[in-house]
Amino acid sequence: KQPLVQQPQAPTTARFMVYGKPLPRVEDAVRLGEFMRAAAMGRAKGLLGPDALPASLSGHGPERGVPHSHAFWLPDPNTRGEVEHVLVHARGGFSAEAMRVLTALEQVSRGEGAPLMIMLEGLGTASLFDHATDLTAEATAWRSVTPYLHPWHLKKPEMRTPEGKAAALLGQLRREWHGRGRGLPEILEIHELASVDHGGRLLRPLHFHRFRRTRGPAQPDTLGRLLEMRFAGPVRGPVCLGYGSHFGLGLFRPVEELRQS
């Protein structure tokens, strides 16, 4: 089966099928995202050399005029909460070298046990995958798939009341969302959810892995929360925000009854 490639628009999105026993669970999305990026970097070094890593995949280098233009490595879980597919989405588009790396990816080491096997299913703009996943759909309301972790520290006055904390979180979401580009629909409101349903399992934030393997500055949010967001107009996915969002944390999917037809 040959992967579907869309032309002539600049490709921004790739979708991989994942094979392995056991399949990764959505709770380990951030680990899988890091493993996927590591596999891509290893393949890039072999194909292109250590000094020619594509910036759209590595996350290092110029943003090509598009904020957060480098790759998001996102889980696309099935109805049982197993990650059967992974979306790789780069808003700034993939270079020819990046596409060469993506089409050459065949397996992903996950630290312990047998590696995961992966197969590229398609490469194009996000809308190419509307028939296969709702992560690339258009909708005005979006609900957490994985916990959102706020990317900046909250100030003590903001944490004194539930209302103050909610307003501060909305402010952080709007700040980050505005940084994704001009003319995007405003985030009107957010609601916190106690849990999300993955295959009949009601998962709370504490059930998810919420930490990166790499060490850096103190993580502003170690708990996370599950949210539903409503926008002023339809938004095209993928929608992924907050700390660790390039590796699958803070991922949202459309609320089905409010999707655009």
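Predicted model: local features only at pLDDT ≥ 70, side-chain atom pairs only at ≥ 80, totals over all residues.
**View 1. Strands β8 and β11 pair side by side, in the antiparallel sense.** Six bridges link β8 to strand β11, which covers residues 226-236. Two strands count as paired when DSSP finds at least two bridges between them. Helices and strands here are DSSP runs numbered from the N terminus: H or I over at least four residues for helices, E over at least two for strands. Look for H191, whose bridge partner in β11 is E228.

Residues are numbered from 1 along each chain as its sequence is written, and side-chain values use heavy atoms, with hydrogens and water left out.

**View 2. L184 sits in the loop between α4 (162-178) and β8 (187-193).** Is L184 buried, partly exposed or exposed? Its relative accessible area is 31%, so L184 is partly exposed; buried means under 20%, exposed over 50%, and partly exposed in between, using a 1.4 Å probe and protein chains only. L184 and F231 are 47 residues apart along the chain, and 9.3 Å separates their C-alpha atoms.

**View 3. Now to strand β4 (residues 83-89), which is largely enclosed by the rest of the structure, because six of its seven residues are buried.** β4 has antiparallel pairings with β2 (residues 13-19), through five bridges, and with β3 (residues 72-77), through six. R15 stands opposite L87 in β4, and P75 stands opposite V86. The hairpin of β3 and β4 has five residues between the strands, and one to spot is G81, with a positive phi near 80°.

**View 4. Here is the largest nonpolar core, with 31 residues.** A nonpolar core is a set of buried Ala, Val, Leu, Ile, Met, Phe, Trp, Tyr and Cys residues joined through side-chain atoms within 4.5 Å. The members touching the most others are F16, M36, L57, W73, V88, F94 and L102. β2, α1 (29-48), β4, α3 (96-104) and β6 (116-124) each give at least two residues to this core, and α1 has the largest share, with eight. Leaving out residues up to four places away in sequence, W73 touches G33, M36, R37, A40, L57, L87, V88, H246, F247 and G248. Apart from this core lies another one, of 16 residues, among them W177, I187, V239 and L241.

**View 5. S56 is found in helix α2 (residues 55-58).** With a relative accessible area of 8%, S56 is buried. Which residues does S56 contact, leaving aside its neighbours within four places in sequence? They are H70, A71, A90, G93, F94, S95 and A98.

Notes: Contact = heavy atoms within 4.5 Å.
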